[in-house]
Amino acid sequence: MRKDAWTRGFLFAPGFLVYLIFMMIPIGMCVYYSLHNWDGLSPVYRFVGLDNFVSALSDTDFQRAMRVTAIITIAGTLAINALGLLFAVLLNKPGRMINLYRSVFFFPLLLSAVVVGFLWKAILNYNGILNGVLEQLGLEKLEIFGVPGNAILTITILIVWQNVGGVIVLYLAGLQGIPNDLYEAARIDGAGRLQTFRSVTFPMLAPSMTMCMIFIFTTLAREYDRIAVLTNGGPGGATETAAFTIVKLGINTNRFSYAASLAVILMALVAFISIVMTLYLRKREERIL
């Protein structure tokens, strides 16, 4: 038993050290710096307690960034899961073309967010490919990234386009784990396709839905890369997310401690909402299964 304990400890140690070094220690340092006044460069910094957090509560720029983050996160999470579930059901069948369709949906996920940003910026920018084609056809150019509403909607659509493939894979895995006996019993009872989906497929996908909802929510809540490439927070800061604001304040303006306090607030909110969502979705799983 002692030998097994040492073996388990030896196998556990590398992963734990990586998690400790790259997750727990940086989080602890972020909390520590948020309680000080430091520009990120000076060797001297002063303890200010909760002053940074008090300032954040009245920071209109951060409040706007949180609203943009909420819009993108909520809309993106719901759309990605709804479309992912829909396409997973449609693709859950044998056939040569089905594998091709699965690859087509999954391919955008293989690209980095930065590459996707530059790709779509070249297409959708005011002087980009799309407006060039419209101009050749004698049509009026579209102002996509120059109008706040259009920019936020476009960014959300691109986020959904890139991330829906991963959710499709997870839902497909859940669908293939549903026993065929349940579908046969539903057919014997005379249930149609819609009734079978409502009574068998959707309830049995509860664990997959919990995982997908939490994963996508936590991912979109820290959206930065595509914003930086597509709009750089514009026009007039209308598309700045919380993560973009944090990076901008910490790197561009050397307000490192204040940016750290905003990061702590964002982390606490995301953690709290994620825990509430997890508890709710887990209880839903227990009721259904």
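Helices α5 and α6 are roughly parallel to each other, a label for angles under 35 degrees. Helices here are DSSP runs (H or I, at least four residues) and strands are E runs of at least two, numbered from the N terminus. This is a predicted model, in which local features need pLDDT of at least 70 and side-chain atom pairs count only at pLDDT 80 or more, while totals for chains, interfaces and linings use all residues. Residues are numbered from 1 along each chain, and side-chain values use heavy atoms, without hydrogens and water.

**Helices α5 and α6**

- The axes of α5 (residues 113–124) and α6 (residues 129–136) come within 4 Å and cross at roughly 20°; axes are lines fitted to C-alpha atoms over the stretch in contact, with angles from 0 to 180 degrees between N-to-C directions.
- A122, I123 and L124 of α5 meet I129, L130 and N131 of α6, where contact means heavy atoms within 4.5 Å.

**Helix α3**

- Helix α3 (residues 60–91) has 32 residues and should span 46 Å at 1.5 Å a residue, which agrees with the 45 Å between its end C-alpha atoms; the expected span is 1.5 Å times one less than the number of residues.

**Aromatic rings**

- Rings of Phe, Tyr and Trp (its six-membered ring) pair if their centres lie within 6.5 Å, and the count comes to 12 aromatic pairs.
- The Y32 and Y45 rings have centres 6.2 Å apart and planes at 90°, so the pair is edge-to-face (over 60 degrees; under 30 is stacked and the rest are tilted).

**Loop between α11 and α12**

- P235 lies in this loop, and the G234 to P235 peptide bond is cis, with omega near -5°.
- N232 is also in the loop between α11 and α12, and its phi is near 55°, a positive value in a residue other than glycine.

Technical notes. Parallel < 35°, antiparallel > 145°, perpendicular 65-115°, else oblique.
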